[in-house]
Amino acid sequence: MFCKRTADIAFLLDQSSSIGSQSNFRLETKFVKDVLNKYTGDGRPHYIRAGVIKYGEKAELTIKLNDFKNMTKLKATIDRRVKFEASKRTRIDLALRMANKQFFTKKNGDRPEAPNVLILITDGIQNSGDWRRDNVELVPYFARPLWKNNVTIIAVGVAKAQIAQLKRIAGAKGKVIYRKRLTGLTSAVEEITPVECPGIS
């Protein structure tokens, strides 16, 4: 479950070389802003916090949950804070591990009363350079601690992303969304449907 007015949200953005360019990467950051608009854009009070992990050859915690308490400021600065750095690999495993070990922590702003949501974007598949490891349960291995900690995972695949792998990442309680092109991320926002959660403020 992920709640409309109170949630701590991690966005995991793919910066592998197949994304192609800074302008294409901006379609990912625009998606972040569009999702946040959906959570907060109705003029009613909200208690949303969000941050960003970039990943390629390595994972980088670019925006922590406690960097911005005002989502308007986050949206205004995300394109300056989150820069594209093309990478040959697609280390989804490292991004998931960082989300569990560093992002959803009290030190970096995680709130125990707020539901946790992880939204992963990828245009490819797990690629550590060792196909023997990547073809087994490697990615779900890093997703399981997130499931155990009640993090809802929404896996958004684009282009050559494999739906079967995304389903393994999202798990039984998560969700998978697929679009053929990065430009399709705009319409993908409509499939992310937070719910009202009584008793949470």
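In which strand is the place of Thr152? Thr152 belongs to strand β5, where helices (H or I, at least four residues) and strands (E, at least two) are DSSP runs numbered from the N terminus. The model is a predicted one, in which local features need pLDDT of at least 70 and side-chain atom pairs count only at pLDDT 80 or more, whereas totals for chains, interfaces and linings use all residues. Residues are numbered from 1 along each chain as its sequence is written, and side-chain values use heavy atoms, with hydrogens and water left out.

The mean pLDDT (the predictor's confidence in each residue, from 0 to 100) of the chain is 88, and 89% of the residues score at least 70. Confidence is highest in strand β3 (residues 59-63), with a mean of 97, and lowest in helix α4 (residues 131-134), with a mean of 68.

Thr152 counts as buried because its relative accessibility is 8%; buried denotes under 20% relative accessible area, exposed over 50%, and partly exposed the range in between (1.4 Å probe, protein chains only). Between Thr152 and Ala172, 20 residues apart in sequence, the C-alpha to C-alpha distance is 9.7 Å.

Nonpolar cores were defined as sets of buried Ala, Val, Leu, Ile, Met, Phe, Trp, Tyr and Cys residues joined through side-chain atoms within 4.5 Å. The largest such core comprises 33 residues, of which Ile9, Phe11, Phe31, Leu36 and Ile119 touch the most other members. At least two residues of this core come from each of β1 (6-14), α1, β2 (47-55), α2 (71-81), β4 (116-122), β5 (151-158) and α7. The greatest contribution is that of α1, with 6 residues. A separate core of 25 residues includes Ala10, Ala95, Ile153 and Leu166. When neighbours within four places in sequence are set aside, Ile119 is in contact (heavy atoms within 4.5 Å) with Ile9, Ala10, Phe11, Leu12, Phe31, Val35, Ile154, Val156 and Ile192.

Cavities were identified on a 1 Å grid over the protein atoms alone, as sets of points where a 1.4 Å probe fits but cannot get out; lining residues have an atom within 4 Å of a point. Grid points are joined across faces, edges and corners, and a volume is the space filled by probe spheres set on the points. The count is 1 cavity of 30 Å³ or more, and the largest cavity holds about 30 Å³. Its lining consists of Leu27, Lys30, Phe31, Asp34, Leu182, Thr183, Leu185 and Thr186. Helices α1 (22-40) and α7 (185-188) each supply at least two lining residues, and α1 gives the most, with 4.

Note on methods
1 Å grid on protein atoms, 1.4 Å probe; cavity = no way out; pocket = protein on both sides within 12 Å on 5 of 7 lines; lining within 4 Å.
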